[in-house]
Amino acid sequence: MADEMVLRAQRFINTTYPNMLGIEPLEENGQTSWTVMYALTRALQLELGISSLSNNFGPTTLNTLASKYPVLNDGTVPSANFARIIQSALYCKGYDGGEIDGIYNDRVAASISQLKSDMGVLPAFPDPDSLYPKVFKGLLNMDPYVVVNGGSSKVREIQQWLNGRYIDRLDFFIVPCDGHHSRTVASSMLYAIQYELGMADGVANGNFGPGTKTGLANHTLSEGSAGTWAQLYSAALILNQRSATPFSSLFDSTVASETAAFQEFVKLPVTGKGDFSTWASLLVSYGDQNRRGEACDGVTKITPARAATLKAEGVKYIGRYLINPTGGAPLEKEIQPGELQTIADNGLRCYPIWQTYGRDASGFSYPAGNADGLAAVAAAERHGFKNGARIFFAVDFDAYDYEVTDNVLPYFKGVEDAMALSGNAYRVGVYGPRNVCIRVSDAGHATASFVSDMSSGFSGNYGYPLPANWAYDQIVTRTVGSGDGAINIDHNIASGRDIGEGSFNPSRLDNAADVAFDFGSYYTAMHADISTYMKSIGFPDSDANRIFTHTECLETIMSHDDLITSLSNTYNMRKALIQTSAYWEMRHYDVVDLTVDAAVTYYHTGVGGDIVPKRDSSTGIAQISGEVGIRAWNHCIQVDLVEGTILDPSKDADIWTMWHKVNQDNAYSVRTVSLIHLWDAAGKVGGQNPPAGESTLRPMALDYNQSEIFQVLRRYQGWGNEAEEHATKRMALYQLFEKYNGLSRMY
């Protein structure tokens, strides 16, 4: 909703500082935003005589303001525009700023007094009606100083107390007072601890370093303790959602009881005392890294000697990866042959982890979740995990909250739907920062969390509580054992919510040759699964905008199963690669494609008319152009993978020869798909120049990893964002074809 006074503030900026702030003119919509606050900050810098303007109200702005105008009021505001900046900012914060008339009047003074009261700093300054530099800094941001969005009044009391007590310290700045824990509040708590330990300004840094740890070790609290330390401790409990804790300077029986409950929750010794380990778990995500947990995860094969080391360390549960998606080092990241049996023989248990190559938000989407869910099921079955095992799907990057909303949650919905397609053979867990785990679990997409708490600085860890459904809490990397038993692990605390698996089905190799498809056993189920998936990404079984139905496409592709099986065995290529590309392209065939086909026919034969002729286009069930078909065949002929005649893509006659074949002969198109994949793996030599960083893949192999499969599917379409997007969606389709091909291989 537009606010008339915010609108006037935006107009003031646009008319007073046209083309002077180094930013685009503000949209005059009457809505407060960071963009408006940035503009007001830059305007202030301009009024202060700062030549290098910035969105950041940083040390230069603060120090310049403090040296020139340490106290601002009706008698010290240097100019009308300076006053208008203050008035505009007040309106953007929800306070009365007067008429934005350049006068620091009684209304402005009253609002400044109320602002400081809301911040909790009113008693810290001598004049209630004056604006001081740190308060000005707090005025020019989007932090609320009243409870919003269901915030806690008790948390707000803590925020105000922190502001009021420490505002005079050099590196302490006003934190929001909105009733919500946050990264800023968590940092302010560490500063407060350091100030109470006697650290000087410039020494206190908000880090959980050796000096802070030593100091906390000397401040164990118990029932009856009183004073500032007890108050800080109660604040830490409340911020970790022990809401029954009173915010008080007395460590009473309720604080002791809440301490014991917190210790039980995070799996610390239950003493009811505020000892170092409890302080650490309250203040930083990884807590006391000297703790010994019952779980670990790692990228190293568990041998009998390493199993003995882990047992001696008290480890019961071992996290191991279902795949090594990139194919490079570490070579033992994926579970190795015989490893699960070694784990079981030594009385240990294993929980499976799924991680692909996505290290940022772009790797997470609904189709990617579908693909990963299906692939994880296949990998878990291949390694021998029995039904009911929980697979932890990794989000191994610092996902901001909006990225969780836009990318991670749709990804896990895709995983969940893939599990349903697979009969819910396995349960879904989530691995990642606290906020990711909380939100994915609250959305109902995961049943347990494996928390990457070692990354204490992640925005998704700092200021968030340990998830209620945490199963494993990753706290430190260490090397244990010696000699053949030495192993580097991530040491994890276990809650008991997940206990891994202690017995396994026989594993099977991933390089068995493909065989003829078992239509009687699997066609109906495959037809239904592919239909369900394609509907989920916007492809109903029949569509007026497309030429072929789902059934027509699948029947056409599967009618060539003998040929596809032969091509698979000849070229060491998974049948699913050929099936996926052909089905995907045929499903996209539409009326526009028919029109373009007619234009190409007209160009080469003169048959037709009333249409602009076209030399070449993608055509046929696999959407192959004459040039692409020629280059793929030429490459494979030249490397003795197929027999044929070399054609020249610069000659119209040769383009027509290839184009007509792939347009008219479905079997020829299917064969050409396999040759395009071989050409793709070789880097498309002689074709479009690939972008920097694209190189040849290893020779086609039945055990291509997830990254190699993705590259082959993407290169079929080419380079660029659209090819990336489509390949992500085709990965799930590949997994469905591979699922049923795999069943045919097994039985």
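This is a predicted model: local features need pLDDT of at least 70, side-chain atom pairs count only at pLDDT 80 or more; totals for chains, interfaces and linings use all residues.
## The barrel

Let's begin with the sheet. Eight strands form a closed barrel in the order β1-β2-β3-β4-β5-β6-β7-β8, and the pairing is mixed. On average, neighbouring strands of this sheet are turned by 30° against each other, if you ignore direction.

Look at the spot where β1 meets β8. Strand β1 covers residues 295–297, strand β8 covers residues 487–494, and the two pair in the antiparallel sense over three bridges. Here Ala295 stands opposite Asn492 in β8. Helix α13, made of residues 304–312, packs on the sheet and touches β1, β2 (317–321), β7 (470–480) and β8. The direction of α13 makes about 40° with that of β8.

Next stop is β4, which spans residues 390–394. How many residues of β4 are buried? Five of the five are, so the strand is largely enclosed by the rest of the structure. Both of its faces are covered: one side carries Arg390, Phe392 and Ala394, the other carries Ile391 and Phe393, and all of these are buried.

β4 has a parallel partner in β3, with two bridges between them, and Ile353 stands opposite Phe392 in β4. It also pairs in the parallel sense with β5 (residues 427–432), this time over five bridges. In that pairing, Ile391 stands opposite Val428 in β5.

Helices come into the picture here too. Helix α15 (residues 366–383) lies across β3 (349–354) and β4, running at about 135° to β4.

## A covered helix and a buried asparagine

Not counting residues up to four places away in sequence, Asn240 touches Phe262, Ser281 and Leu282. A polar atom of the Asn240 side chain lies 2.9 Å from the backbone oxygen of Leu282.

## Gln194 in helix α8

Helix α8 runs over residues 183–196, and Gln194 has its place there. Is Gln194 buried or exposed? With 1% relative accessibility, Gln194 counts as buried.

Leaving aside neighbours within four places in sequence, Gln194 is in contact with Met199, Ala204, Asn205, Gly206, Asn207 and Thr212. With Gly206 there is a polar pair: the backbone nitrogen of Gly206 lies 2.8 Å from a polar atom of the Gln194 side chain. Further along the chain, Leu216 is 22 residues from Gln194, and their C-alpha atoms are separated by 9.4 Å.

## Cysteines without disulfides

How many disulfides does the structure hold? The count is zero. Cys177 is in no disulfide, and the nearest cysteine sulfur, that of Cys92, is 19 Å away. Cys177 is also buried, with a relative accessible area of 0%.

Cys296 is in no disulfide either; for this residue the nearest cysteine sulfur belongs to Cys350, 9.3 Å away. Cys296 counts as buried, at 1% relative accessibility.

## Two asparagines with positive phi

Asn19 lies in the loop between α1 (4–16) and α2 (34–47). Although Asn19 is not a glycine, it has a positive phi of about 60°. It is exposed, with a relative accessible area of 79%.

Asn424 sits in the loop between α16 and β5. Its phi is near 55°, a positive value in a residue other than glycine. At 53% relative accessibility, Asn424 counts as exposed.

Methods. Residues are numbered from 1 along each chain as its sequence is written. Side-chain values use heavy atoms; hydrogens and water are left out. Two strands pair if DSSP finds at least two bridges between them. Helices (H or I, at least four residues) and strands (E, at least two) are DSSP runs, numbered from the N terminus. Axes are lines fitted to C-alpha atoms, for helices over the stretch in contact, and angles run from 0 to 180 degrees between N-to-C directions. Contact means heavy atoms within 4.5 Å. Buried means under 20% relative accessible area, exposed over 50%, partly exposed in between (1.4 Å probe, protein chains only). A polar contact is a pair of N or O atoms within 3.5 Å; within protein, one must be able to donate a hydrogen and the other to accept it, and residues adjacent in sequence count only if both atoms are side-chain atoms. A disulfide is a pair of cysteine sulfur atoms within 2.5 Å.
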